Amino acid sequence: MARRRGSCLGRMLLVLVPLLAILAGVAVVGGNTVGRQWIEGQVRDQLAAQTSLTAPPTVELRDKLVVMSVVKQRFDEVHVVLPGLELREVGQGVRADVDLVLRDVVASKQFTRYVAGTLTGTTRFSWQQLSAVVGQEISSAPGGRVALSYSFTIVGSKVTAQVSAKPELDSTGALFLSDPQIVLAGIQLPPALVKQVTDTLLQPVPLGLPQGIRATKVTADASGLVFELAGKEVDVTALR
C-alpha cells in the first residue's frame with residue numbers, strides 16, 4: 001500500500017514539476033513584457049518633457065531579463081531616438097535627429113531619473129542645415145571634403161572664389177573646416193586675401209548637443225555631415 005502511494009506521488013511530481021516550470025516561465029515572460037513597456041514609457045515621458053522635439057521619442061529597452069533589471073534598477077542597454085532635437089547653441093530653429101545607444105543605465109528617484117554610464121550615437125546635418133549655420137551655401141566635394149563659395153571685392157570688382165576644405169572637430173567637439181583650397185580662375189590670390197577668406201569661413205561652430213554628449217568624429221557624404229557621438233555619466237532625463 002505504501003509502495004502504491006509512493007508511486008502515485010512520484011507520478012504527480014513528474015506532472016507538477018514541469019507544470020510549475022512552465023508557469024514560472026510564463027510569469028517571467030509576462031513580467032518582462034510588462035516591465036519593458038513600463039520602463040520604456042517612463043524614459044519616453046521624461047525625454048518628451050525635457051527636450052524640444054518634432055515628434056515623440058522612441059525608446060527600446062534591450063535587456064533580456066527585464067524583471068531582474070527592474071529589481072536592480074540598472075539596465076544593460078537602451079536605444080533612444082530623438083526626432084528633430086532642437087540644437088539651441090547652433091542657431092534658432094536648427095534641429096537634427098539624434099540616435100543614441102545608452103549602456104549601464106542606472107535608475108533612481110522612483111524610476112524618474114536615468115543616468116547612462118556610457119553613451120554612443122550619431123546625428124546628421126543636411127547640407128541645407130549646414131548652409132544656414134555657416135551662413136554660406138555649402139555642399140559635398142570629392143575626397144570627403146566640403147565645398148562653398150565666397151564672394152569678395154578685388155579692385156572694385158566682385159568675384160567669387162570656390163573654396164573646398166576638410167570637415168573636422170576641435171577638442172570641444174565643435175565643427176571647423178581645415179586644409180582650405182581656394183580656386184579663382186585667372187587670379188592669383190595674395191596670401192593676405194587667402195587669410196581673410198579662411199579666417200572668415202573656418203571659425204569653429206558648436207553643435208549645441210545636450211550636456212554630456214559631444215561629437216567625436218565627422219564624415220561627409222552626399223546628403224550632409226554625419227557626426228559620431230559619445231558621452232559618460234549622462235543624465236538622460238535632463239537633456240536640454
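Student: What share of the contacts in the protein chain with a separation of 6 or more is between residues 24 or more positions apart?
Tutor: 53% of them. A contact means heavy atoms within 4.5 Å.

Student: What kind of model is this, and how are residues numbered?
Tutor: This is a predicted model, where local features need pLDDT of at least 70, side-chain atom pairs count only at pLDDT 80 or more, and totals for chains, interfaces and linings use all residues. Residues are numbered from 1 along each chain as its sequence is written, and side-chain values use heavy atoms, with hydrogens and water left out.

Student: What is the mean pLDDT of the chain?
Tutor: The mean is 80, and 77% of the residues reach 70 or more. pLDDT is the predictor's confidence in each residue, from 0 to 100.

Student: Where is confidence lowest, and where is it highest?
Tutor: Lowest in helix α1, residues 2-50, with a mean of 60. Highest in strand β10, residues 224-235, at 96. Over residues 9-30 the pLDDT is below 50, and that stretch has three contacts in the model beyond near neighbours in sequence.

Student: How many helices and strands are there?
Tutor: Four helices and ten strands. Helices (H or I, at least four residues) and strands (E, at least two) are DSSP runs, numbered from the N terminus.

Student: How much of the chain is buried?
Tutor: Buried residues are 39% of the 240. Buried means under 20% relative accessible area, exposed over 50%, and partly exposed in between (1.4 Å probe, protein chains only).

Student: Which residues in helix α3 are buried?
Tutor: Trp-127, Leu-130 and Ser-131, in a helix that covers residues 127-134. They fall within an arc of 105° seen down the axis, so they line one face of α3. The arc is that of the directions from the helix axis to the C-beta atoms.

Student: What is on the other side of α3?
Tutor: Gln-128 and Ala-132 are exposed there. Just after α3, Gly-135 has a positive phi of about 85°.

Student: New topic. How do β7 and β8 run?
Tutor: Antiparallel, with seven bridges joining β7 (residues 157-169) to β8 (residues 175-183). Two strands pair if DSSP finds at least two bridges between them.

Student: What sits between the two strands?
Tutor: Five residues, in a hairpin. Gly-173 in the turn has a positive phi of about 90°.

Student: Which residues other than glycine have a positive phi?
Tutor: Among them are Lys-109, near 50°, and Phe-111, near 65°. Lys-109 is in the loop between β3 (95-108) and β4 (113-126), and Phe-111 is in that loop too.

Student: Are those two buried or exposed?
Tutor: Lys-109 is exposed, at 61% relative accessible area. Phe-111 is buried, at 12%.

Student: How many salt bridges turn up?
Tutor: Nine in the whole structure. A salt bridge is a side-chain nitrogen of Lys or Arg within 4 Å of a carboxyl oxygen of Asp or Glu.

Student: What does Arg-74 meet?
Tutor: Asp-104, at 2.7 Å, N to O. Arg-74 lies in β2 (residues 74-86) and Asp-104 in β3, so the pair ties together parts 30 residues apart in sequence.

Student: And what about Arg-145?
Tutor: Arg-145 meets Asp-179 at 3.0 Å, N to O. Arg-145 is in β6 (residues 145-154) and Asp-179 in β8, 34 residues apart. Arg-145 is buried at 12%, while Asp-179 is partly exposed at 45%.

Student: Which residues share partners in one network?
Tutor: Glu-60, Arg-62, Glu-77 and Arg-103.
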